[in-house]
Amino acid sequence: MDRTLEEILEAIWKADETGDGNLQGIQDKCPIPITEGDLEALERRELLKQQGSRLSMTDAGRIVARSVVRRHRLAETLFATILDLSFEKRESLACEVEHTLLPEVEEAICILLGHPTTCPDNKPIPPGACCSAKRKTISSLMTDLTDLEEGDTGRITFIRSQSHERLERLTALGLTPGTLVRVFQTSPAFCLEVEGTELALNRDAAEDIFVTKVALSWLTDRPEDSMPGARLTVFGSNLKS
Ligand SMILES: [Zn+2]
Ligand SMILES: [Zn+2]
């Protein structure tokens with residue numbers, strides 16, 4: 001989602017916390033100027049409702065705002081407690097990170113910090129699934145594809161190329177860093193769904209692809225990550241090179 005729109009929803013969330021829900025109160029909490037066009041874009045996406053000068057978020061808008069605020073305040077807590085950064089520095093860094101932090105990293109930070117409920121400025125951090133489950137262990141963030149089980153989803157972090165040619169062929173299949181892959185069969189071939197395409201890889205190739213495991217709930221939180229229906233492409237032992 002557009003950063004500008006995320007910033008505005010975040011500002012509305014903060015304004016709601018302090019009870020300044022009018023446009024001026026929201027603008028005061030937003031680092032960028034809010035335009036009429038931005039508000040219309042939010043309304044079109046059914047994230048916001050405008051009634052006169054009153055702005056209120058829809059349930060969908062509140063979900064987005066809540067997760068931006070959660071990422072911002074978790075990052076701030078990390079920067080203040082572990083890195084001991086100054087207020088200005090951690091604030092500006094957190095404002096960047098809130099738009100880009102991957103859910104799996106967000107959860108790892110929350111567990112590392114012991115599920116904090118407030119940030120260094122004493123504002124509430126909206127809890128995540130890891131908090132109610134009181135999760136204590138950070139599952140190893142990176143594994144190769146063969147460590148995933150049937151039904152698991154992973155996000156590609158990097159590909160260890162045996163040869164330049166193989167790397168190019170994997171890239172041509174859409175296997176690039178950042179891409180989500182879902183495993184639906186692990187033997188005899190390793191079958192996965194990548195951006196609507198089904199691929200069959202041999203084990204060798206699968207061992208070269210490193211991923212972070214992604215929980216399904218993280219995907220439903222971020223609808224832009226959803227995967228459309230698949231068509232089949234088989235890519236077998238000819239991947240060996
Ligand atoms: Zn922000
Ligand atoms: Zn937590």
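The side chains of D121 and R90 meet in a salt bridge, 3.1 Å from N to O; the term here covers a side-chain nitrogen of Lys or Arg within 4 Å of a carboxyl oxygen of Asp or Glu. D121 sits in the loop between α6 and α7 (129–132) and R90 in helix α5, so the contact ties together parts that are 31 residues apart in sequence. Salt bridges with shared partners join E76, R90 and D121 into one network. R90 is buried, at a relative accessible area of 10%, while D121 is partly exposed at 27%. For these labels, buried is under 20% relative accessible area, exposed is over 50%, and partly exposed is in between (1.4 Å probe, protein chains only). Helices (H or I, at least four residues) and strands (E, at least two) are DSSP runs, numbered from the N terminus.

A word on conventions. This is a predicted model, in which local features need pLDDT of at least 70 and side-chain atom pairs count only at pLDDT 80 or more, whereas totals for chains, interfaces and linings use all residues; side-chain values use heavy atoms, with hydrogens and water left out. Residues are numbered from 1 along each chain as its sequence is written, with chains lettered from A and ligands numbered from 1 in the order in which they are written.

As for confidence, pLDDT (the predictor's confidence in each residue, from 0 to 100) averages 83 over the chain, and 87% of the residues score at least 70. The stretch to treat separately is residues 221–241, where pLDDT stays under 50 and the model has 48 contacts beyond four places in sequence. Contact means heavy atoms within 4.5 Å.

Overall, the chain has ten helices and nine strands, and 45% of its 241 residues are buried. Of the contacts between residues at least 6 apart in sequence, 67% join residues at least 24 apart. The accessible surface comes to about 12600 Å², with 52% of that belonging to carbon and sulfur atoms; areas are from the Shrake-Rupley method with a 1.4 Å probe, and for residues only the protein chains shown count as cover.

Back to the charges: the whole structure holds 14 salt bridges. One of them pairs R73 with E17, the closest N and O atoms being 3.0 Å apart. R73 lies in helix α4 and E17 in helix α1 (residues 3–18), so this pair ties together parts that are 56 residues apart in sequence. Another salt bridge brings D20 and K29 together at 3.2 Å, N to O. Here D20 is partly exposed at 31% relative accessibility, and K29 is partly exposed at 26%.

F158 and F210 are stacked, 4.7 Å centre to centre with 0° between the planes. Rings of Phe, Tyr and Trp (its six-membered ring) pair if their centres lie within 6.5 Å, and planes under 30 degrees apart count as stacked, over 60 as edge-to-face and the rest as tilted. F158 belongs to strand β4 (residues 153–159) and F210 to strand β8 (residues 209–214), so the pair ties together parts that are 52 residues apart in sequence. F210 is buried at 16% relative accessible area, and F158 is partly exposed at 34%.

Strand β8 also contains I209, which is buried at 0% relative accessibility. Neighbours within four places in sequence aside, I209 is in contact with T143, D144, L145, I156, F158, I159, L170, L175 and L201. I209 and D144 are 65 residues apart in sequence, yet their C-alpha atoms are 5.5 Å apart.

Helix α6 (residues 103–112) has eight of its ten residues buried, so it is largely enclosed by the rest of the structure. The buried ones are P103, E104, E106, E107, A108, I109, C110 and I111. After α6 comes G114, with a positive phi near 75°.

On the outside, I82, L83 and L112 form a nonpolar surface patch with about 300 Å² of accessible area together. Patches are made of residues with over 30% relative accessible area and no salt bridge, joining like charges within 9 Å and nonpolar side chains (Val, Leu, Ile, Met, Phe, Trp, Tyr) within 5 Å. L83 sits in the loop between α4 (59–81) and α5 (87–97) and is partly exposed, at 47% relative accessible area.
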